[in-house]
Amino acid sequence: MDYRKLGQEITELVGTKDNIARLTHCATRLRFELHDLSKAETEKLKALPGVITVVNNGGQYQVVVGNEVQQVYRVITQQMGSATRNADSKSDSGKNNGPKQKQSWISRFISVISTTFTPVIPAIIGAGMIKAILAVLVLTGLVTTESQNYYILNTIADAAFYFMPILLAYGASIKFETSPILAMTVAGVLLHPGWSALMAEGKDVFFIGVPVRLTDYAGSVLPIIIVVWLMSYIERFADRVSPSMIKFFTKPMIVLLITAPLALVAIGPFGTYLNDLVAMGAEAINARASWLIPLLMGTLQPFLIVTGTAWAMTPIATSQLTKNGYEMINGPGMLASNIAQGGATLAVALKTKNKKLKQLAASSGFTAVLGITEPSLYGVTLKLKKPLIAAMIGGGVAGIYAGLTGLVRYAFVSPGLAALPAFIGSNPMNIVHAIVTCLIAFIVTFALTWIIGFEDPVDDEEEGNTNVNEDKTLSGQPVQDNTPSTQSVATTNENVPSQNETRSLTIASPMQGELVHLDRVPDDVFSLGLLGKGAAIIPAKGELYAPIAGEVTAFMDSKHAVKLNGYDGEEVLIHIGVDTVNLKGRHFDSSIKVGDRVQRGDLLISFDIDAIKAEGYEVITPIIIANSDRFPDIKLEKQSLVEVGASIIHLS
């Protein structure tokens with residue numbers, strides 16, 4: 001996949017980089033905060049190859065791209081520079097360009113939590129997995145809890161949770177547009193060994209005559225978020241009152257001198273009280289109805305993901321892990337829900353006759369049972385609806401079992417089969433209950449999905465798309481195209497086939513070489529037919545000729561790709577090589593431009609095959625029918641060596 005192209009297209013469709021206030025990402029989605037939401041073109045974004053869906057909830061505009069999210073994120077942040085990562089790059093006034101979107105207090109809360117926690121997720125997941133590995137090592141007797149190896153590894157795993165306020169200070173500073181370094185410094189004050197020494201002494205502490213409550217902030221969540229929010233206002237005040245000549249010295253001094261004492265005297269204890277109050281409420285519910293929270297999480301987790309409210313429970317779960325070494329708020333119910341999503345999706349994969357859906361469901365279902373459910377949820381169950389209902393029922397049933405048996409999670413990881421070691425702990429039966437929870441979720445959901453069924457999308461191949469010479473058909477589904485319509489290219493209306501008229505069209509070989517199927521192209525966008533059906537040629541000579549008569553409707557500046565709209569309704573996209581856009585036109589030569597009329601056999605592009613290969617790029621060339629949905633019967637000639645002008649694709 002061309003991540004650079006996808007990143008550029010996403011940036012443009014969210015309203016260009018100037019419309020992006022902030023950008024973060026999680027395991028599968030880009031999380032934008034936009035200045036003006038109305039500038040985002042949601043439907044066009046959903047239609048982009050590589051984009052699974054778009055969700056606008058929780059104060060964030062989320063573009064779900066799956067496991068490739070990090071690559072796309074890097075592309076977009078490179079385009080934007082440091083605009084979204086450095087609060088100090090903003091104007092002194094602290095104001096953004098463009099209107100702010102009005103949000104409910106719930107949306108604002110979810111936005112704060114998600115933006116604050118997103119940068120922290122890799123650290124706590126990594127630490128959680130080390131905890132899980134340690135549990136396995138202790139269980140198998142390879143390591144004892146008294147050994148130095150255990151002590152060192154456990155210290156590494158504990159660090160992310162102990163220093164949680166410092167990690168969260170960074171994310172909160174991004175959200176509240178204040179200095180990350182100063183925010184992390186204030187968090188360091190809360191965790192300083194001197195503060196721990198005062199707590200150990202147990203004596204009364206006063207600051208300028210005001211009593212100070214001795215509170216352990218290690219692993220706390222809400223106190224630092226509230227502190228950084230207040231610090232954002234203090235920093236603006238310090239910026240206004242500091243003389244410009246000495247602002248470099250006075251501004252950080254004022255911020256620390258005001259924020260840190262307030263944090264220790266008032267805000268920190270208040271935040272801790274709120275933190276404890278929420279945790280006590282959750283534990284009280286769990287004590288009286290242990291099945292309730294896992295039931296709700298197992299049933300409603302898909303809804304929480306779609307609405308963006310899944311983050312709301314994260315502070316409680318993190319706090320429980322830090323204080324107790326385990327949590328029962330998120331993990332058990334999420335385990336049931338994730339496995340149920342996988343069960344529903346894999347049932348779809350086995351039952352569907354649509355080859356594209358089968359492939360998507362198989363891969364995303366496997367990912368879901370491992371713990372990442374967004375591709376499964378957005379790509380399969382949410383679209384088909386009935387499998388989603390089955391997954392919610394199966395997740396709820398398994399959640400009841402998890403609650404009744406007291407299942408807990410000992411490490412912060414995305415619950416799934418890959419993370420089962422996170423359920424190994426002091427209670428040896430906990431892992432057994434986790435496995436049984438998985439089995440219940442999978443079996444109940446799989447059976448329900450199989451029984452109630454779903455509306456199976458019609459596969460193009462069921463409509464008679466067979467190969468002329470081989471029992472192999474072309475796969476794929478076209479996406480929206482913004483190039484001029486075929487009718488605008490046609491010289492007369494008589495040249496455009498009507499809906500009731502069947503005509504046979506032929507696409508000629510645009511180059512000399514070996515004709516092969518699309519699945520030979522080492523790029524999923526082409527090999528899976530995401531841009532449309534077609535064929536590919538491994539060129540023997542560096543010359544590309546027009547395969548049809550028509551108009552040039554798209555031509556890349558890098559000269560490696562061209563799109564032609566034919567006079568008979570066909571739209572043909574030709575892409576020389578894989579990722580050759582990175583060559584930026586090197587080794588390609590052409591004088592054509594958008595709007596040119598060409599005849600079949602006209603020379604379009606010359607290119608140096610050896611030079612392209614020498615730079616490490618494949619030269620295999622896809623020839624795509626971009627409007628494949630207009631042609632119910634698309635047939636490919638037998639794979640063989642072809643000359644320029646030979647028939648390679650037949651359209652009806």
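**Note on helix packing and nonpolar cores**

1. V136 touches P421 and I424, leaving aside residues up to four places away in sequence, where contact means heavy atoms within 4.5 Å. This is a predicted model, in which local features need pLDDT of at least 70 and side-chain atom pairs count only at pLDDT 80 or more, whereas totals for chains, interfaces and linings use all residues. Residues are numbered from 1 along each chain as its sequence is written, and side-chain values use heavy atoms, with hydrogens and water left out.

2. V136 lies in helix α5, helices being DSSP runs (H or I, at least four residues) numbered from the N terminus. At 29% relative accessibility V136 counts as partly exposed, because that class falls between buried (under 20% relative accessible area) and exposed (over 50%), with a 1.4 Å probe and protein chains only. The C-alpha atoms of V136 and G425 are separated by 8.9 Å, although these residues are 289 apart along the chain.

3. The largest nonpolar core has 39 residues, and those with the most contacts inside it are I124, F161, L168, I224, I225 and V228; such a core is a set of buried Ala, Val, Leu, Ile, Met, Phe, Trp, Tyr and Cys residues joined through side-chain atoms within 4.5 Å. Elements giving two or more residues to this core include α5 (121–139), α10 (222–241) and α11 (247–288). I225 touches V112, I113, T116 and F176, again not counting residues up to four places away in sequence. Apart from this core lies another, of 36 residues, among them F555, I576, I605 and I623.

4. The axes of helix α17 (residues 386–404) and helix α18 (residues 430–452) come within 8 Å and cross at roughly 150 degrees, the axes being lines fitted to C-alpha atoms over the stretch in contact and the angles running from 0 to 180 degrees between N-to-C directions. That makes α17 roughly antiparallel to α18, since angles over 145 degrees count as such. Residues of α17 in the contact include K386, P387 and Y401, and those of α18 include H433, V436 and I452. By class, this contact has 14 nonpolar, six polar and one charged residues; Ala, Val, Leu, Ile, Met, Phe, Trp, Tyr, Cys and Pro count as nonpolar, Asp, Glu, Lys and Arg as charged, and the others, Gly among them, as polar.

5. The axes of helix α14 (residues 331–351) and helix α16 (residues 374–384) come within 10 Å and cross at roughly 70 degrees. That makes α14 roughly perpendicular to α16, a term covering 65 to 115 degrees.

How values were computed. Angles under 35 degrees count as roughly parallel, over 145 as roughly antiparallel, 65 to 115 as roughly perpendicular and the rest as oblique.
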